[in-house]
Structures are given as C-alpha cells and as structure tokens.
Amino acid sequence: MSKEMVNPRNAYGETLVKLGKKLPNLVVLDADLSKSTKTIIFAKKYPQRFFEMGIAEANMISTAAGLASCGKIVFASTFAVFATGRVYDQVRMDVAYSNANVKIFATHGGISVGKDGASHQMIEDIALMRVLPNMKVFAPSDATQTQRIVECMAKEYGPMYARVGRASAPLIYKMGELKDLKIGKGIQIKSGEDVSIIACGTMVDYSIDARELLLKEGIKTRVIDMHTIKPIDKNLIIKCAKETNAIITLEEHSIIGGLGSAVSEILAENKCSCGFKRMGIQDIFCESGEPNELFAKYGLSTNHIVKTTKKLLAA
Amino acid sequence: MLFRAKSGHPGGSLSAVDAIVALYFHHMNHNPHKPDDPNRDRFILSKGHAAPALYAVLAECGYFDVKELKNLREINCMLQGHPVCKNIPGVEASTGSLGHGLSFASGTALAGKLDKRNYKVYVMLGDGETDEGQIWEAASAASHYKLDNLTGLLDRNFLQIDGHTEDVLRLESVRERWSSFGWNVVEIDGHDISQIIDALNKTNGHRKQPSMIILNTVKGKGVSFMENNVDFHGVPPNELEYKLAMRELDALQRKLEVAQ
C-alpha cells in the first residue's frame, strides 16, 4: 500500500497563514529562502507582516527578538544549518537569555537534504538548541504533526526551535488528528513489549516500517514518536524502560547531543537497566547523495534498524 | 560602582554616559513608573559593557533604587555585569556580546512602524563594536526598511581593547561608511549636552532614512588619568586611583554648582 506523501514545509507555510488570521500580532521573517521554507505562503497572504531579511541570518534573529520585545509572536525561518550554528550567539543572547517569544522554524534538517552535501546536512542543530536554557526543541514527524506543533509554538510563550526535513514525508497521522498533542508528551503510536524504538522527525516512519519487519521475526516493537526533545518526556521513557527489554533511539541527527543523549540522560539517572542503543549519524560528516542512499550508507535504513534491534535483544 | 565591584569597564562607560544622560533627562519620552508602556521611546545599549553608565542613569531616573548601584556585579543582586532585559526595569535588551543591538533596535523600530506607533528607538554602538559584521547586516536592513524612527549613537572614542581603532581594524571613513549604507549621518561633540540634544531633535525630523549620530568622545572622559588610556577599558580603578578620580569628579561637580 503506497503511503500518502505530504511535505511538512508546506504544512508549516499553510499553518502560518491560518494562525496569521487568528493572531494579528504574528509576524514572519526569512533570510532569502522563503520559497524553500514555504514562508512565502504567508508572505503572499500577509505581506505587511512578512519581513524579508536577506542573506543575513544573524541580523534576522536579533531583529526577531526586537520585534518580540514589542509583543509580536515572531517566526523566523531558514535552513537548519543557518538557523542554529550560524547564529548560535544571537539565539543564545537575544532569544534564549532574553526569554524572547521567538520561534525558530528550520527546514532542511538532517542528511535527507541529500545532494547539497555535508555543508547543508545539519546534524548538530538539536544538540545546539537543546543546551540553551529556556529553549524548547521539536522535531515533528509528518505534516499533520508539524501543523499541530506550529500551533502549539504560536500559542505558548517562549523561545522555541523546530526542525523538519526537506523531503515530502509519509503521513503518519491523518489530517485533523493529534488535537490533544501536548508539548513535552511523547506519543506511543505502536504497542509492543520486546523493545521500544524512541524516534523523532523523519525517523518515526522508518521505525514503523522496521517494526513490521521485526514482527515477521516474532519481535514485538513499541514505537514512540518523541516530537518534543526538550522538555523530554521523562515518564514515558522510564515506562518504556520498565515495560520493554531494550530501548533504541533513532534520529536524523548526530548520536551526540540529540534525542539519543536526552533519553540516555533519563535512563542513567533513573536506575533504568534495560538494553540501550543510540541510532543516528555517528560522529561523522556525511556526503552528497540521494536520501535513501545516504540512509543506507550511514546506518539509518530499515535494515539497519532491524539488525540493530536483533543484536541488542540478543546481547 | 566599578571600584566596589572590583571589575567592569570604566573607559567606555565614561565616554558614553553624557549621551545617555541627554537621552533620558532631556529627550526621550519615557516614564520610570511605566517601563512597559507600548508607546515609550526605547534605548538599547548595544555596547553592553558600558552597563554602569546605563544603570546609573536608570537609577537616577527612578527605574529602581539608587542603592542598587552599589551591588553591581554582586551575587544575588539585580545588576548583572552586562545589561539583561526582563529582570532589570528599564533595560530593553540583553547585550554584552557585541554587534547585536542595532539589529534588536531595528526589530523594535519595525514593530513601531507596523503598529503605527510614534515612538523612537535609540541605540548606542561602540566604535570598536562596528568591527562586527552583524552591524553592517543591520545597517543594510534598517536603511532598506527606511527606519526613520531609529537613531544610532556611535561612541567614537577611537580606542578598543587591543589599541587604537585604526590600528586594530581600520574604521575610517566612518561617516562615509554609514552614509554609503543609506544612513543620515550627523557628527558632533559627544560630551556637549546641548549639541547632543540638538542633534537628537534634528534626526527625529529626518524622514525615510535611519540616522547615525557620530559622537566624538574621549574614552575615560572626566578622569584625567583615564582619559584616552586604553588600560582602563576593562580594568576598574584601584583604591588610590579611585580616590584621585573621586577628587577630580567632586571638584568638577563643585565647579558646575558654582556656575549654576
């Protein structure tokens, strides 16, 4: 059965328009990538409330903080690599330290950016944002969840960072589902008692596919969609540790500093003795290629998930 | 304040303080009892290391108790080494990492335009600070968006930590730089209060362009041995220096009182 594919970037742009109608104080900034981040959808509908900042990301983030200080809800968008690493000091001082109501929404996160190569494949953004006090961090898994996360970001005060990938992604949730999504509450989307896969972003769909393959071999896999990486859902992680034999984290991000680190911190501090393995990009820069080729080469294919799971359970 | 704190930046605070005094006591529309008034004029100290100058002015205005000043940089106290918004009444932006303030100020000016409010935004930059690339990103954007409700004040004291600004990383021609970025540029004596007030009034009336007032200043102004002495950028006076400085400043104050 072929899956329905929707691009989370479009969901972002369209949700901004919907929110823009309800929230007259919502403004959007972009750094010459509005056609890619899809903020252009908002720009066309509300040109007065859209600010093109040019290829000057540092200025964009600090300007966003200035607008927020005057009561605006500010969404600032560009690619994940420019939205975090390039402007770390601006995010740190003007957004996080100042506890400004700025929402950084990044697209083109992870290695599925593909052919642009490692310069554009952002695998450190979650780590960089997670370490900042006051900052909340999200990696929605499909277009439906992106819509809900963006709505939550607009509604709740404070600095926030969200990232989605470049590519269209299979719909995991039907449009209109997830009405009760809450910041900081992970979602168990598949049940199982042998092993838990805790995934975020693009990797949630891969986890569901891997679960089917594992089921054929008699392994029952629980799948958790951990859309909020900070604050992390501590109770859900401990519950998985108690109810299943092992936990695997799965993310399109470095295994250092992201979801895997966040989960391991909870496990280590709460006497959880289950098996544990972080899957993600090993401490390495990747290269140009098609997303599926990159996933296969760098250890994120469904086959890798199946192998890793079996090895972990056998250990 | 700095003598007590045993740390901080006297030189750049003394070069900046006259303009900050002129803004708060003679020009800006602000009310210490309503620090969140959406129509207030805003002042952003982009060169955050001159925090003592800003704090002293805010306290004198009544944003908080003057007694707080003696707790600068102390643990469990409000006044941080560099300005922080949210926690200190009257402080608009958290600064201290150089180069951000002009962008932040542009954001508040953009919001003013969007909301059709008449407030003005003032931002003080250090001259050494304009080494930072972000300053020029912001200079482009403020000019592009025709932010005539934004006025910059450039503390042109010619000194930064490693020496003379023209030796560290050449800035001249400062005037031509800003005007080539589309700014209305005015150059005055940054220690002459009447010139500062006059320049502020004139730039307020300027349309379709942001304005930059180049304040020709003296680092360490008012204390003979600190004037134009780069060693007092980030080093507070010792006990002897403190007594000498206070003697000079007290003498100056008596002279001014007599003149009045």
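This is a predicted model: local features need pLDDT of at least 70, side-chain atom pairs count only at pLDDT 80 or more; totals for chains, interfaces and linings use all residues.

Residues are numbered from 1 along each chain as its sequence is written, while chains are lettered from A and ligands numbered from 1 in the order in which they are written.

Reader: Which element gives the largest share of the side of chain A that touches chain B?
Author: Chain A puts 22 residues into the contact and chain B puts in 20 residues; two residues are in contact if their C-beta atoms, placed from the backbone, lie within 7 Å. On chain A, α4 (57-68) and α6 (88-97) each supply at least two residues. Helices (H or I, at least four residues) and strands (E, at least two) are DSSP runs, numbered from the N terminus. The largest share, 8 residues, comes from α4(A).

Reader: How far apart are the centres of domain 1 and domain 2 of chain A?
Author: Domain bounds come from an automatic or database domain assignment. That assignment gives chain A domain 1 (5-170) and domain 2 (187-314). Taken over C-alpha atoms, their centres are separated by 25 Å.

Reader: Which elements of domain 1 of chain A give two or more residues to the side that touches domain 2 of chain A?
Author: This contact takes 27 residues from domain 1 of chain A and 29 residues from domain 2 of chain A. On the domain 1 side, the elements giving two or more are α7 (125-130), β6 (136-138), α8 (143-155) and β8 (169-170) of chain A.

Reader: Which residue in β2(B) stands opposite B:F43?
Author: Strand β1 (residues 42-45) of chain B has both faces covered, with B:R42 and B:I44 buried on one side and B:F43 and B:L45 buried on the other. Buried means 20 or more other C-beta atoms within 10 Å of the residue's own, with C-beta atoms placed from the backbone. β1(B) pairs with β2 (residues 121-126) of chain B in the parallel sense over 4 bridges, where pairing needs at least two DSSP bridges. Opposite B:F43 stands B:Y122.

Technical notes: A residue is buried if 20 or more other C-beta atoms lie within 10 Å of its own, exposed if 12 or fewer, and partly exposed in between; C-beta atoms are placed from the backbone.
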